[in-house]
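Subject: Structure handover

Hello,

Here is the structure for your files. Please open it alongside this note. My findings follow below.

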Amino acid sequence: MRVLAAMSGGVDSSVAAARLVEAGHDVVGVHLALSRDPQATRESARGCCSLEDSADARRVCDKLGIPFYVWDFSDRFKEEVIDNFVWSYEHGETPNPCLRCNEKIKFAALLERALALGFDAVATGHYAIVDDEGNLRRSADPAKDQSYVLGVLTRRELDKCLFPVGDTEKPLIREEAARYGFSTATKPDSYDICFIPDGNTQAFLGSSIGLRPGMIRDQDGTALKEHDGAFQYTIGQRRGLDLRVPAADGKPRYVTGIDAATGDVTVGPREALKVHAITADRLKVLHPGMTGSFEALVQVRAHGGVVGCHATVDGDAMTLALHSSLEGVAPGQAAVLYRPDPDGLGDVVLGSGTICETA
(Lines give C-alpha, C1' and ligand atoms only; values in the text may rest on other atoms or scores of the structure.)
Protein backbone atom coordinates (compact mmCIF):
# COMPACT_ATOMS: atom_id res chain seq x y z
CA MET A 1 0.00 0.00 0.00
CA ARG A 2 1.23 3.49 -0.82
CA VAL A 3 0.80 5.56 2.35
CA LEU A 4 1.28 9.26 3.03
CA ALA A 5 2.47 9.65 6.63
CA ALA A 6 1.61 13.01 8.18
CA MET A 7 4.73 13.95 10.17
CA SER A 8 4.04 16.52 12.88
CA GLY A 9 7.58 16.27 14.26
CA GLY A 10 6.42 14.54 17.44
CA VAL A 11 7.06 11.09 18.85
CA ASP A 12 3.67 9.64 17.88
CA SER A 13 3.86 10.38 14.14
CA SER A 14 7.51 9.26 14.17
CA VAL A 15 6.62 5.78 15.46
CA ALA A 16 3.54 5.63 13.22
CA ALA A 17 5.75 6.11 10.15
CA ALA A 18 8.29 3.59 11.41
CA ARG A 19 5.61 0.95 11.94
CA LEU A 20 4.31 1.48 8.41
CA VAL A 21 7.80 1.04 6.95
CA GLU A 22 8.34 -2.13 8.99
CA ALA A 23 5.01 -3.47 7.74
CA GLY A 24 6.29 -3.17 4.18
CA HIS A 25 4.26 -0.22 2.96
CA ASP A 26 5.56 2.32 0.45
CA VAL A 27 5.72 5.34 2.78
CA VAL A 28 6.27 9.04 2.07
CA GLY A 29 6.49 11.55 4.93
CA VAL A 30 4.97 15.00 4.71
CA HIS A 31 5.01 17.89 7.18
CA LEU A 32 2.26 20.49 6.96
CA ALA A 33 3.35 24.13 6.94
CA LEU A 34 0.39 25.90 8.50
CA SER A 35 1.91 29.33 9.02
CA ARG A 36 4.04 31.59 6.83
CA ASP A 37 5.94 32.64 9.96
CA PRO A 38 6.39 29.49 12.10
CA GLN A 39 8.13 29.90 15.44
CA ALA A 40 11.64 28.51 15.33
CA THR A 41 11.95 27.10 18.85
CA ARG A 42 9.78 24.97 21.06
CA GLU A 43 10.35 27.36 23.96
CA SER A 44 8.20 29.93 22.14
CA ALA A 45 5.78 27.57 20.41
CA ARG A 46 4.80 24.32 22.08
CA GLY A 47 2.47 23.48 19.23
CA CYS A 48 2.99 21.19 16.27
CA CYS A 49 3.90 23.56 13.46
CA SER A 50 7.24 25.15 14.29
CA LEU A 51 10.43 25.07 12.23
CA GLU A 52 11.89 22.77 14.88
CA ASP A 53 9.01 20.35 14.33
CA SER A 54 9.66 20.32 10.60
CA ALA A 55 13.35 19.63 11.18
CA ASP A 56 12.57 16.80 13.61
CA ALA A 57 10.18 15.23 11.09
CA ARG A 58 12.86 15.40 8.38
CA ARG A 59 15.42 13.70 10.64
CA VAL A 60 13.00 10.85 11.35
CA CYS A 61 12.32 10.35 7.64
CA ASP A 62 16.04 10.40 6.89
CA LYS A 63 16.62 7.71 9.52
CA LEU A 64 13.81 5.61 8.03
CA GLY A 65 15.09 6.16 4.51
CA ILE A 66 11.79 7.50 3.16
CA PRO A 67 11.11 10.65 1.10
CA PHE A 68 10.14 13.79 3.00
CA TYR A 69 8.23 16.83 1.80
CA VAL A 70 6.75 19.98 3.29
CA TRP A 71 3.32 20.94 1.98
CA ASP A 72 2.12 24.51 2.38
CA PHE A 73 -1.44 24.66 3.68
CA SER A 74 -1.06 28.06 5.35
CA ASP A 75 -3.73 29.85 3.28
CA ARG A 76 -6.31 27.14 3.81
CA PHE A 77 -5.39 26.88 7.50
CA LYS A 78 -5.98 30.59 7.98
CA GLU A 79 -9.35 30.43 6.25
CA GLU A 80 -10.65 27.17 7.68
CA VAL A 81 -9.18 27.25 11.19
CA ILE A 82 -7.94 30.68 12.29
CA ASP A 83 -10.74 32.72 10.69
CA ASN A 84 -13.30 30.18 11.91
CA PHE A 85 -11.83 30.42 15.43
CA VAL A 86 -12.22 34.21 15.44
CA TRP A 87 -15.71 34.06 13.90
CA SER A 88 -16.87 31.56 16.50
CA TYR A 89 -15.75 33.69 19.44
CA GLU A 90 -17.19 36.76 17.76
CA HIS A 91 -20.56 34.98 17.71
CA GLY A 92 -20.46 33.77 21.31
CA GLU A 93 -19.24 30.24 20.64
CA THR A 94 -16.38 28.27 22.20
CA PRO A 95 -14.57 26.50 19.34
CA ASN A 96 -11.90 23.80 19.45
CA PRO A 97 -9.30 24.80 16.82
CA CYS A 98 -7.42 21.49 16.99
CA LEU A 99 -10.63 19.61 16.22
CA ARG A 100 -11.37 21.97 13.34
CA CYS A 101 -7.80 21.52 12.05
CA ASN A 102 -8.28 17.75 12.01
CA GLU A 103 -11.59 18.15 10.19
CA LYS A 104 -10.58 20.71 7.57
CA ILE A 105 -6.80 20.37 7.15
CA LYS A 106 -5.18 17.19 8.44
CA PHE A 107 -7.77 14.97 6.85
CA ALA A 108 -9.99 16.81 4.33
CA ALA A 109 -7.29 18.90 2.61
CA LEU A 110 -4.41 16.47 3.14
CA LEU A 111 -6.41 13.44 2.03
CA GLU A 112 -7.74 15.28 -1.01
CA ARG A 113 -4.22 16.00 -2.23
CA ALA A 114 -2.90 12.57 -1.25
CA LEU A 115 -5.57 10.73 -3.22
CA ALA A 116 -5.03 13.01 -6.20
CA LEU A 117 -1.34 12.03 -6.13
CA GLY A 118 -2.11 8.31 -6.10
CA PHE A 119 -1.73 7.46 -2.41
CA ASP A 120 -3.98 4.76 -0.99
CA ALA A 121 -4.24 6.14 2.56
CA VAL A 122 -3.10 8.81 4.98
CA ALA A 123 -1.57 7.84 8.33
CA THR A 124 -1.20 9.95 11.46
CA GLY A 125 -0.01 9.51 15.02
CA HIS A 126 -3.47 9.94 16.54
CA TYR A 127 -4.43 7.66 19.42
CA ALA A 128 -7.48 5.84 18.06
CA ILE A 129 -8.30 2.47 16.54
CA VAL A 130 -10.10 1.47 13.37
CA ASP A 131 -11.32 -2.09 13.86
CA ASP A 132 -11.70 -4.85 11.28
CA GLU A 133 -15.20 -3.65 10.42
CA GLY A 134 -14.03 -0.07 9.83
CA ASN A 135 -15.40 1.33 13.09
CA LEU A 136 -13.55 4.15 14.84
CA ARG A 137 -12.80 3.11 18.43
CA ARG A 138 -11.15 4.60 21.49
CA SER A 139 -7.43 3.94 21.77
CA ALA A 140 -5.75 1.48 24.11
CA ASP A 141 -4.44 4.42 26.19
CA PRO A 142 -7.41 6.17 27.85
CA ALA A 143 -5.21 9.09 28.93
CA LYS A 144 -4.19 9.82 25.33
CA ASP A 145 -7.34 8.77 23.47
CA GLN A 146 -8.03 11.13 20.55
CA SER A 147 -11.17 9.54 19.13
CA TYR A 148 -13.09 12.68 20.19
CA VAL A 149 -11.17 14.98 17.85
CA LEU A 150 -11.52 12.41 15.06
CA GLY A 151 -15.29 12.22 15.48
CA VAL A 152 -15.67 15.09 13.00
CA LEU A 153 -14.35 13.05 10.06
CA THR A 154 -16.62 11.80 7.31
CA ARG A 155 -17.11 8.11 6.60
CA ARG A 156 -15.23 8.48 3.31
CA GLU A 157 -12.26 10.10 5.05
CA LEU A 158 -12.13 7.50 7.81
CA ASP A 159 -12.04 4.71 5.22
CA LYS A 160 -8.74 6.15 3.94
CA CYS A 161 -7.10 6.70 7.36
CA LEU A 162 -4.56 4.66 9.30
CA PHE A 163 -3.72 5.17 13.00
CA PRO A 164 -0.71 2.88 13.60
CA VAL A 165 -0.08 3.79 17.27
CA GLY A 166 -3.66 3.67 18.56
CA ASP A 167 -3.29 0.16 19.97
CA THR A 168 -0.35 1.07 22.24
CA GLU A 169 0.02 3.11 25.42
CA LYS A 170 2.08 6.30 25.19
CA PRO A 171 5.00 5.24 27.45
CA LEU A 172 5.58 2.22 25.21
CA ILE A 173 5.54 4.48 22.13
CA ARG A 174 8.34 6.56 23.67
CA GLU A 175 10.34 3.40 24.39
CA GLU A 176 9.84 2.27 20.80
CA ALA A 177 10.99 5.65 19.48
CA ALA A 178 14.13 5.39 21.62
CA ARG A 179 14.88 1.95 20.14
CA TYR A 180 14.63 3.46 16.66
CA GLY A 181 17.05 6.17 17.77
CA PHE A 182 14.58 8.99 17.15
CA SER A 183 15.37 12.32 18.83
CA THR A 184 11.59 12.74 19.25
CA ALA A 185 11.53 9.96 21.88
CA THR A 186 11.81 12.47 24.73
CA LYS A 187 10.15 15.42 23.03
CA PRO A 188 7.34 17.00 25.09
CA ASP A 189 3.76 16.63 23.88
CA SER A 190 2.28 19.63 22.09
CA TYR A 191 -0.60 21.41 23.77
CA ASP A 192 -0.64 25.09 22.81
CA ILE A 193 -2.89 26.53 20.11
CA CYS A 194 -0.26 26.60 17.39
CA PHE A 195 -1.29 30.00 15.97
CA ILE A 196 -1.22 31.63 19.44
CA PRO A 197 2.30 30.63 20.55
CA ASP A 198 2.38 32.96 23.56
CA GLY A 199 -0.84 31.42 24.88
CA ASN A 200 -2.63 34.78 25.23
CA THR A 201 -5.92 33.96 23.54
CA GLN A 202 -7.67 37.12 24.76
CA ALA A 203 -4.98 39.36 23.27
CA PHE A 204 -5.12 37.47 19.98
CA LEU A 205 -8.90 37.77 19.79
CA GLY A 206 -8.79 41.41 20.86
CA SER A 207 -6.45 42.29 18.00
CA SER A 208 -8.61 40.33 15.55
CA ILE A 209 -12.07 41.39 16.68
CA GLY A 210 -11.43 44.75 18.35
CA LEU A 211 -13.03 46.20 21.46
CA ARG A 212 -16.78 45.69 21.73
CA PRO A 213 -17.93 46.96 25.13
CA GLY A 214 -20.77 45.16 26.82
CA MET A 215 -22.11 44.40 30.27
CA ILE A 216 -21.69 41.56 32.74
CA ARG A 217 -25.09 40.95 34.31
CA ASP A 218 -26.44 38.84 37.12
CA GLN A 219 -29.14 36.30 36.29
CA ASP A 220 -31.85 38.81 37.22
CA GLY A 221 -30.42 41.31 34.70
CA THR A 222 -28.64 43.51 37.22
CA ALA A 223 -25.63 45.23 35.65
CA LEU A 224 -22.44 44.31 37.50
CA LYS A 225 -19.56 45.51 35.37
CA GLU A 226 -18.73 46.75 31.87
CA HIS A 227 -16.37 44.65 29.76
CA ASP A 228 -14.36 45.22 26.56
CA GLY A 229 -15.67 42.28 24.57
CA ALA A 230 -17.76 39.15 25.09
CA PHE A 231 -15.02 37.15 23.32
CA GLN A 232 -13.02 37.38 26.54
CA TYR A 233 -15.39 34.97 28.27
CA THR A 234 -16.38 31.32 27.95
CA ILE A 235 -19.22 29.33 29.48
CA GLY A 236 -18.18 28.00 32.89
CA GLN A 237 -15.46 30.61 33.42
CA ARG A 238 -14.85 31.67 37.02
CA ARG A 239 -11.43 33.30 37.05
CA GLY A 240 -10.84 36.79 35.72
CA LEU A 241 -14.38 38.12 36.15
CA ASP A 242 -13.17 40.71 38.71
CA LEU A 243 -16.67 41.43 39.99
CA ARG A 244 -16.66 43.96 42.82
CA VAL A 245 -20.23 43.20 43.91
CA PRO A 246 -20.45 39.87 45.78
CA ALA A 247 -23.27 37.43 45.12
CA ALA A 248 -26.12 37.52 47.61
CA ASP A 249 -25.21 34.06 48.91
CA GLY A 250 -21.47 34.84 48.94
CA LYS A 251 -20.68 31.97 46.56
CA PRO A 252 -18.54 32.28 43.41
CA ARG A 253 -20.16 33.27 40.13
CA TYR A 254 -19.58 31.58 36.79
CA VAL A 255 -20.26 32.65 33.22
CA THR A 256 -23.58 31.01 32.37
CA GLY A 257 -24.49 32.77 29.13
CA ILE A 258 -23.03 34.90 26.32
CA ASP A 259 -25.11 37.06 23.98
CA ALA A 260 -22.71 38.19 21.28
CA ALA A 261 -25.36 40.38 19.63
CA THR A 262 -25.99 42.55 22.71
CA GLY A 263 -22.61 42.05 24.37
CA ASP A 264 -24.29 40.80 27.56
CA VAL A 265 -22.39 38.20 29.58
CA THR A 266 -24.55 36.52 32.23
CA VAL A 267 -23.10 35.13 35.45
CA GLY A 268 -24.67 32.95 38.10
CA PRO A 269 -24.12 30.13 40.58
CA ARG A 270 -22.47 26.87 39.60
CA GLU A 271 -25.86 25.14 39.62
CA ALA A 272 -26.87 27.30 36.66
CA LEU A 273 -24.16 25.64 34.55
CA LYS A 274 -25.89 22.27 34.62
CA VAL A 275 -27.07 21.22 31.17
CA HIS A 276 -29.67 18.48 30.69
CA ALA A 277 -30.34 18.77 26.95
CA ILE A 278 -28.21 19.54 23.90
CA THR A 279 -29.11 20.41 20.32
CA ALA A 280 -26.45 19.96 17.65
CA ASP A 281 -26.23 20.39 13.89
CA ARG A 282 -23.62 19.86 11.14
CA LEU A 283 -23.72 16.12 11.78
CA LYS A 284 -20.99 13.69 10.79
CA VAL A 285 -22.19 10.08 10.69
CA LEU A 286 -19.52 7.38 11.02
CA HIS A 287 -21.68 4.41 12.01
CA PRO A 288 -25.09 3.18 10.78
CA GLY A 289 -26.25 3.13 14.41
CA MET A 290 -26.43 6.94 14.37
CA THR A 291 -29.96 7.18 13.05
CA GLY A 292 -33.44 7.70 14.45
CA SER A 293 -33.69 7.46 18.25
CA PHE A 294 -31.12 5.50 20.24
CA GLU A 295 -29.15 5.33 23.48
CA ALA A 296 -25.53 6.48 23.45
CA LEU A 297 -22.70 8.05 25.40
CA VAL A 298 -21.81 11.67 24.66
CA GLN A 299 -18.52 13.52 25.15
CA VAL A 300 -18.30 17.31 24.70
CA ARG A 301 -14.60 17.98 25.41
CA ALA A 302 -11.41 16.40 24.18
CA HIS A 303 -10.50 15.14 27.64
CA GLY A 304 -13.89 15.37 29.30
CA GLY A 305 -15.99 12.64 30.80
CA VAL A 306 -18.94 10.97 29.14
CA VAL A 307 -22.57 10.69 30.17
CA GLY A 308 -25.39 8.58 28.87
CA CYS A 309 -28.04 10.17 26.70
CA HIS A 310 -31.05 9.47 24.54
CA ALA A 311 -30.27 10.78 21.05
CA THR A 312 -32.71 11.65 18.31
CA VAL A 313 -31.36 12.35 14.83
CA ASP A 314 -33.57 14.30 12.44
CA GLY A 315 -31.93 15.22 9.16
CA ASP A 316 -28.81 17.30 9.81
CA ALA A 317 -29.65 17.95 13.46
CA MET A 318 -29.90 15.94 16.65
CA THR A 319 -31.18 16.42 20.17
CA LEU A 320 -29.62 14.78 23.20
CA ALA A 321 -31.54 14.21 26.43
CA LEU A 322 -28.79 13.67 29.01
CA HIS A 323 -29.20 11.06 31.72
CA SER A 324 -26.81 13.04 33.95
CA SER A 325 -26.11 16.76 33.78
CA LEU A 326 -22.97 18.26 32.27
CA GLU A 327 -21.37 21.59 33.18
CA GLY A 328 -19.74 24.22 31.01
CA VAL A 329 -21.27 23.07 27.74
CA ALA A 330 -21.12 25.82 25.12
CA PRO A 331 -22.23 26.36 21.52
CA GLY A 332 -19.37 25.66 19.13
CA GLN A 333 -18.15 22.59 20.96
CA ALA A 334 -18.49 19.17 19.34
CA ALA A 335 -20.79 16.53 20.80
CA VAL A 336 -19.30 13.16 19.88
CA LEU A 337 -21.49 10.09 20.35
CA TYR A 338 -20.22 6.64 21.32
CA ARG A 339 -21.67 3.18 21.61
CA PRO A 340 -20.43 1.62 24.88
CA ASP A 341 -17.59 -0.86 24.43
CA PRO A 342 -19.26 -4.06 23.15
CA ASP A 343 -16.26 -6.41 23.16
CA GLY A 344 -13.36 -5.01 25.20
CA LEU A 345 -11.76 -3.15 22.28
CA GLY A 346 -13.01 0.33 23.23
CA ASP A 347 -16.13 2.44 22.74
CA VAL A 348 -17.30 2.81 19.14
CA VAL A 349 -17.63 6.33 17.69
CA LEU A 350 -21.05 6.79 16.10
CA GLY A 351 -20.51 10.34 14.85
CA SER A 352 -20.72 13.93 15.98
CA GLY A 353 -22.50 17.26 15.76
CA THR A 354 -21.63 20.86 16.56
CA ILE A 355 -23.50 22.13 19.62
CA CYS A 356 -25.81 25.03 18.78
CA GLU A 357 -28.08 25.15 21.84
CA THR A 358 -28.28 23.85 25.41
CA ALA A 359 -31.01 23.68 28.03
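Start with aspartate 242, which is found in the loop between β9 (223–227) and β10 (254–259). Strands here are DSSP runs of E, at least two residues; helices are runs of H or I, at least four; both are numbered from the N terminus. Aspartate 242 has a relative accessible area of 44%, so it is partly exposed. The cut-offs: buried is under 20%, exposed is over 50%, partly exposed is in between (1.4 Å probe, protein chains only). Its phi is near 50°, a positive value in a residue other than glycine.

Before the rest, the ground rules. This is a predicted model, in which local features need pLDDT of at least 70 and side-chain atom pairs count only at pLDDT 80 or more, while totals for chains, interfaces and linings use all residues. Residues are numbered from 1 along each chain as its sequence is written, and side-chain values use heavy atoms, with hydrogens and water left out.

Confidence next. pLDDT is the predictor's confidence in each residue, from 0 to 100. The chain's mean is 92, and 96% of its residues reach 70 or more. Residues 40–45 have a pLDDT below 50; beyond near neighbours in sequence, that stretch has 13 contacts in the model. A contact means heavy atoms within 4.5 Å.

Arginine 282 sits in strand β12 (residues 275–285). Its phi is near 50°, again positive in a residue other than glycine. At 41% relative accessibility, arginine 282 is partly exposed.

Now the helix pair. α3 and α4 pack at an angle of about 160°, with their axes 10 Å apart. Axes are lines fitted to C-alpha atoms, for helices over the stretch in contact, and angles run from 0 to 180 degrees between N-to-C directions. α3 and α4 are therefore roughly antiparallel (over 145 degrees; under 35 is roughly parallel, 65 to 115 roughly perpendicular, the rest oblique). Residues of α3 that meet α4 include Phe77, Val81 and Phe85. On the α4 side, Cys101, Ile105 and Ala109 are among them.

Threonine 94 lies in the loop between α3 (74–90) and α4 (97–116). Threonine 94 counts as buried because its relative accessibility is 14%. Leaving aside neighbours within four places in sequence, its contacts include Tyr89, Thr234, Ile235 and Pro331.

Last, leucine 51 is in helix α2 (residues 51–64). Leucine 51 is partly exposed, at 46% relative accessible area. Its C-alpha atom is 8.9 Å from that of alanine 33, which is 18 residues away along the chain.

Best wishes
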